[in-house]
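Please look through the model shown here, first as a whole and then at particular places within it.

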Amino acid sequence: MPEHPRCGFIALVGAPNAGKSTLLNAMIGSKVSIVSPKVQTTRTRVLGITIQGDAQMIFVDTPGIFKPKRRLDRAMVAAAWQGAEDADVIGVLYDVSRRSIDEDTRSIVARLKEQGREAILILNKIDLVKRDVLLGIADAFRQEGIFSDIFMVSAFTEDGVADLKQFLADRLPDGPWHFPEDQISDMPMRLLAAEITREKLFLQLHQELPYSATVETEVWEEFEDGSVKISQVIFVQRESQKAIVLGKGGQRIKALGSAARSELQGMLERRVHLILFVKVREGWVDDPERYSAWGLDFGAS
C-alpha cells in the first residue's frame with residue numbers, strides 16, 4: 001500500500017444499454033461485467049476494482065434504471081439505487097446516439113436532484129454522433145444543475161477513458177485500500193463463469209429468447225493438471241424456450257458452449273471443460289433463492 005493511499009466507491013448509473021458494463025471493463029482493463037445488445041443484461045451490483053496511482057478505485061456497475069414492471073425489474077432498480085447511495089462519486093452515463101434525453105435518464109436526474117446529490121456526467125458512444133449534436137446534448141444536461149463535470153467518451157474504443165479514470169482517482173477520499181492490489185472484482189468465480197455463459201446466450205439469442213433465462217454453475221472441479229471442469233445449467237421457463245437454446249440437433253448449445261469455453265479459458269488462463277445442460281424451471285423469476293444468489297432484494301418495491 002502506498003504511503004498516502006486513497007480509496008473510494010464510484011457508482012455508474014444510467015438507463016439500460018447506456019454502456020455501463022463496457023465502460024467498467026475498459027476502466028478495469030479486464031472483463032468483470034457482461035455486455036450484450038439486449039437491455040437490462042446486468043442483473044445485480046458488480047464491483048470492479050482497479051489501481052490508479054495511489055488510489056484504489058472500486059467501481060459499482062449497476063443494473064440499468066428504468067420504470068419497473070415485474071418483481072425482477074423492481075429488485076434490479078433497487079440494487080442500482082443502493083449502489084448509488086453508498087458511492088463516493090456518482091457517474092451518470094448517457095448514450096448520445098439516442099440524441100434526445102430519454103425518460104429513464106430524466107427520472108435518474110430528477111431523483112438525484114431530490115437527494116441533493118452532485119454527479120458527473122459521462123456522455124458515451126461519442127464515436128456515433130457529430131460534434132454539434134454532442135455539444136447540444138451536453139448543454140441540455142448542464143442546465144440540470146447537478147453535474148460538476150462532463151466527460152465525453154467512447155467506452156467501446158476507449159477514447160477519453162484514461163482521462164476520466166485519472167479524474168475519478170483524484171476525487172477519491174484518503175483512506176486505506178479495501179481489497180488486495182491484484183483483485184479486480186468481488187464476484188465469486190462460479191458466478192462470473194455463469195455470467196459469461198449468460199452473455200453468450202444473450203448474444204446468440206437476444207431476439208429469440210426473453211429475459212426468462214438464467215445460468216447457474218452447479219459443479220466447479222479442479223484437476224491436478226491445472227484444468228477445471230465447470231458444469232452449468234441454463235434455466236428457461238417453457239419447453240419451447242428449451243428447444244430454442246438447444247437448436248436443431250443440439251447445434252445451438254454446442255456453439256454457445258464453444259464461445260463460453262473460449263472466453264473462460266482466456267480469463268482463467270487454463271484449460272476448461274465446460275458442460276451445459278438446459279432445464280425448464282417454471283416461475284424461477286419468483287424464486288427467492290435466485291434473488292439471494294444475485295444479492296437482490298426479493299421484496300423490493
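How many helices and strands does the secondary structure of the protein chain come to? The secondary structure comes to nine helices and nine strands, where helices (H or I, at least four residues) and strands (E, at least two) are DSSP runs numbered from the N terminus. The model is a predicted one, in which local features need pLDDT of at least 70 and side-chain atom pairs count only at pLDDT 80 or more, whereas totals for chains, interfaces and linings use all residues. Residues are numbered from 1 along each chain as its sequence is written, and side-chain values use heavy atoms, with hydrogens and water left out.

Of the 301 residues in the protein chain, 51% are buried; buried means under 20% relative accessible area, exposed means over 50%, and partly exposed lies in between, with a 1.4 Å probe and protein chains only. Among the contacts in the chain with a separation of 6 or more, 71% are accounted for by residues 24 or more positions apart, a contact being heavy atoms within 4.5 Å.

A search of the whole structure finds three aromatic pairs, counted where rings of Phe, Tyr and Trp (its six-membered ring) have centres within 6.5 Å, with planes under 30 degrees apart taken as stacked, over 60 as edge-to-face and the rest as tilted. The rings of F141 and F147 have their centres 5.9 Å apart and their planes at 80 degrees, so this pair is edge-to-face. Both F141 and F147 are buried, and together with Y94 they form one aromatic cluster.

F147 lies in strand β6 (residues 147-152) and has a relative accessible area of 13%. Leaving aside residues up to four places away in sequence, F147 touches V92, V109, A119, I120, L121 and F141. L121 and F151 are 30 residues apart in sequence, while their C-alpha atoms are 6.2 Å apart in space.

Y94, a member of the aromatic cluster, is also among the residues touched by I137, together with V96, R99 and L123, when residues up to four places away in sequence are not counted. I137 belongs to helix α4 and is buried, with a relative accessible area of 5%. The C-alpha atoms of I137 and L123 are separated by 8.6 Å, the two residues being 14 apart along the chain.

An aromatic ring also meets a charge elsewhere in the model: the charged end of R281 sits over the ring of F235, 3.7 Å from its centre. A charge sits over a ring if NZ of Lys or CZ of Arg is within 6 Å of the ring centre and within 35 degrees of the ring normal.

Which residues of helix α1 meet helix α5? L23, A26 and M27 in α1 meet V161, L164, K165 and L168 in α5. The axes of α1 (residues 20-28) and α5 (residues 161-171) come within 10 Å and cross at roughly 75 degrees, where axes are lines fitted to C-alpha atoms, for helices over the stretch in contact, and angles run from 0 to 180 degrees between N-to-C directions. That makes α1 roughly perpendicular to α5, since angles under 35 degrees count as roughly parallel, over 145 as roughly antiparallel, 65 to 115 as roughly perpendicular and the rest as oblique. The residues of this contact divide into six nonpolar, no polar and one charged; Ala, Val, Leu, Ile, Met, Phe, Trp, Tyr, Cys and Pro count as nonpolar, Asp, Glu, Lys and Arg as charged, and the others, Gly among them, as polar.

Helix α7 (residues 239-246) and helix α8 (residues 251-268) pack at an angle of about 60 degrees, with their axes 5 Å apart, and this makes α7 oblique to α8.

K125, in the loop between β5 and α4 (131-142), has a positive phi of about 70 degrees although it is not a glycine, and at 22% relative accessibility K125 counts as partly exposed. E269, in the loop between α8 and β9 (272-280), has a positive phi near 60 degrees and counts as exposed at 73% relative accessibility.
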